[in-house]
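Thanks for coming. I have one structure to go through today, and I will keep it short. Please look at the screen.

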Amino acid sequence: MLRNKQHSRIDPPLGRLMAAGVGCDVRVEVLADLVDSLDLHSFLIDPVYRRRLNDVLSCFSDAEFDSFERLYTRRFTVN
């Protein structure tokens, strides 16, 4: 059941970020994919997994990451 005027159509994760004005930055696409597919077990156990995430995060300035974080967290309505 839909609440709070939620839409039944689910956009791809990147579709909303790009529509929100982030643009076609490959870094945003890679980071969104990593966050969407984050496996906590692999993150804690596998150092290569952590290194890959850290490499992507190091490509962002603080302001760019803050902007990404605000847009990424607004993708879904939390009731």
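Predicted model: local features only at pLDDT ≥ 70, side-chain atom pairs only at ≥ 80, totals over all residues.

The chain has five helices and zero strands, so the pattern along the sequence is written α-α-α-α-α.

Now some totals. Of the 79 residues in the chain, 16% count as buried. The accessible surface of the chain is about 6,100 Å², and carbon and sulfur atoms account for 57% of that. As for contacts in the chain, take those between residues at least 6 apart in sequence: 56% of them join residues at least 24 apart.

Next, the inside. Which residues make up the largest nonpolar core? There are nine of them: Val28, Leu31, Ala32, Leu34, Leu53, Val56, Phe60, Phe68 and Tyr72. At least two residues of this core come from each of three helices, namely H2 (26-36), H4 (47-57) and H5 (62-73). H2 gives the largest share, with four residues. In general, nonpolar side chains in soluble globular proteins tend to be buried together.

Isoleucine 45 sits in helix H3, which covers residues 40-45. Is isoleucine 45 buried or exposed? Its relative accessibility is 57%, and the cut-off for exposed is over 50%, so isoleucine 45 counts as exposed.

That is the end of my part.

Methods
Residues numbered from 1 in each chain as written. Heavy atoms only, no water. Buried < 20%, exposed > 50% of the residue type's maximum accessible area, 1.4 Å probe, protein only. Core = buried A, V, L, I, M, F, W, Y, C linked by side-chain atoms within 4.5 Å. Contact = heavy atoms within 4.5 Å. Areas by Shrake-Rupley, 256 points an atom, 1.4 Å probe, with all protein chains shown as cover.
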